[in-house]
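Please look over the sequence and the model shown below before reading on.

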Amino acid sequence: MATIKTKGIVLARSNMGDNDQMVTILTPDLGKIGVAARGSRRPKSALMAGTQFLCFADLVLYKGVSSYTLNSCEPIEIFYNIRLDVDKLTIASEIAKITNDVTDENEYSYNILQLVLNTLYMISETEKDLDFILSIFKLRLLSLIGFRPEIEKCATCGAKENLKYFSFKDHGLKCDACGKQDKGAIEISESTVKAIKWIIWADPKKIFQFDLSEDNKQQLKILTKIYLNNCIEKEYK
Ligand SMILES: [Zn+2]
């Protein structure tokens, strides 16, 4: 069997037998894969550290018929601070769950992996508002997986000025007149409009480098929650 070297982050784990586990790992090149980690629950197993939930690691894998087997792994980043704080862990777990739901095997996933790592880094290493981080993550993720909203012009009439609403039905901003006709659309502030554009356009490493007032953070939170549930057709809390 040929070995494959890659990197990846553990999105989920489930126990198999007494000592083994199946880990779900998001890699840049193989997409999301299931990996059998034999003996990884044994004390002192060399696979234990790298198969922890949310650990980003260098991996050496064997490819089998239906899944991969982990040969060796070396942790690169374990996001230690997330493990010490229940609020941080709750948001990080939500990020892992959403990512697990929207990714698949054999898909190029470099951009999504980069977003997940940058987001976990913000959670781990800063004291930035956790709901705000989650909102930014959701909107950027949706734009990466094919649900990039129309943000340059009104999604109905094409007007470039006076964009004051966000439409879930038509996936994008709407002008005052068209927004009022769209029953599901929500009215948002000029700052929130700017924030949406920033989240979608900014360099991957800079997406978290802005701030909003509490009211606008709340708008962004509601908007990204509804938009995610609409696009993915799932109910996230
Ligand atoms: Zn319009």
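The structure is a predicted model. The protein contains seven helices and eight strands, and it is divided into domain 1 (3-80) and domain 2 (128-232).

**Overall layout**

- The C-alpha trace spans about 65 × 35 × 30 Å along its principal axes.
- Taken over C-alpha atoms, the centres of domain 1 and domain 2 are separated by 35 Å.
- Of the 237 residues of the protein, 35% count as buried.

**The barrel**

- Five strands close into a barrel, in the order β1-β2-β3-β5-β4, and their pairing is mixed.
- On average, neighbouring strands of this sheet are turned by 50 degrees against each other, direction ignored.
- Strand β2 (residues 20-27) pairs with strand β3 (residues 31-37) in the antiparallel sense, over seven bridges.
- Within this strand pair, L26 has K32 of β3 as its bridge partner.
- Helix α2 lies across β1 (3-16), β2 and β3, and runs at about 110 degrees to β1.

**The open sheet**

- Three strands form an open sheet in the order β7-β6-β8, with antiparallel pairing.
- The strands β7 (172-175) and β8 (186-187) stand at the edges and have a single partner strand each, so one side of each is left without a neighbour in the sheet.
- Strand β6 (residues 163-167) is joined to β7 by four bridges, and the two run antiparallel.
- The bridge partner of Y165 is K174, which belongs to β7.

**The nonpolar core**

- In the largest nonpolar core there are 59 residues, and those with the most contacts inside it are I9, I25, V35, L54, V116, L120 and I136.
- Helix α4 (residues 130-144) gives the most to this core, contributing eight residues.
- Both domain 1 (3-80) and domain 2 (128-232) give residues to this core, so the core lies between them.
- Leaving aside residues up to four places away in sequence, I136 touches I199, I207 and F208.
- As a general background point, nonpolar side chains tend to be buried together in soluble globular proteins.

**Helix α4**

- The 15 residues of α4 reach 21 Å from the first C-alpha to the last, close to the 21 Å expected at 1.5 Å a residue.
- Helix α4 is mostly covered, since eleven of its 15 residues are buried.
- The buried residues of α4 include F132, I136, F137 and L141, and also the residues K138 and R140.
- These buried residues pack against four other helices, namely α2, α3 (110-125), α6 (190-201) and α7 (214-232).
- Just after α4, G146 takes a positive phi of about 105 degrees.

**Residue D85**

- D85 is placed in the loop between α1 (80-83) and α2 (86-102).
- Because 14 other C-beta atoms lie within 10 Å, D85 counts as partly exposed.
- Although D85 and Y68 are 17 residues apart in sequence, they are 32 Å apart in space, C-alpha to C-alpha.

Methods
Residues are numbered from 1 along each chain as its sequence is written. This is a predicted model: local features need pLDDT of at least 70, side-chain atom pairs count only at pLDDT 80 or more; totals for chains, interfaces and linings use all residues. Domain bounds come from an automatic or database domain assignment. A nonpolar core is a set of buried Ala, Val, Leu, Ile, Met, Phe, Trp, Tyr and Cys residues joined through C-beta atoms within 7 Å. A residue is buried if 20 or more other C-beta atoms lie within 10 Å of its own, exposed if 12 or fewer, and partly exposed in between; C-beta atoms are placed from the backbone. Two residues are in contact if their C-beta atoms, placed from the backbone, lie within 7 Å. The expected span of a helix is 1.5 Å times one less than its number of residues. Two strands pair if DSSP finds at least two bridges between them. Axes are lines fitted to C-alpha atoms, for helices over the stretch in contact, and angles run from 0 to 180 degrees between N-to-C directions.
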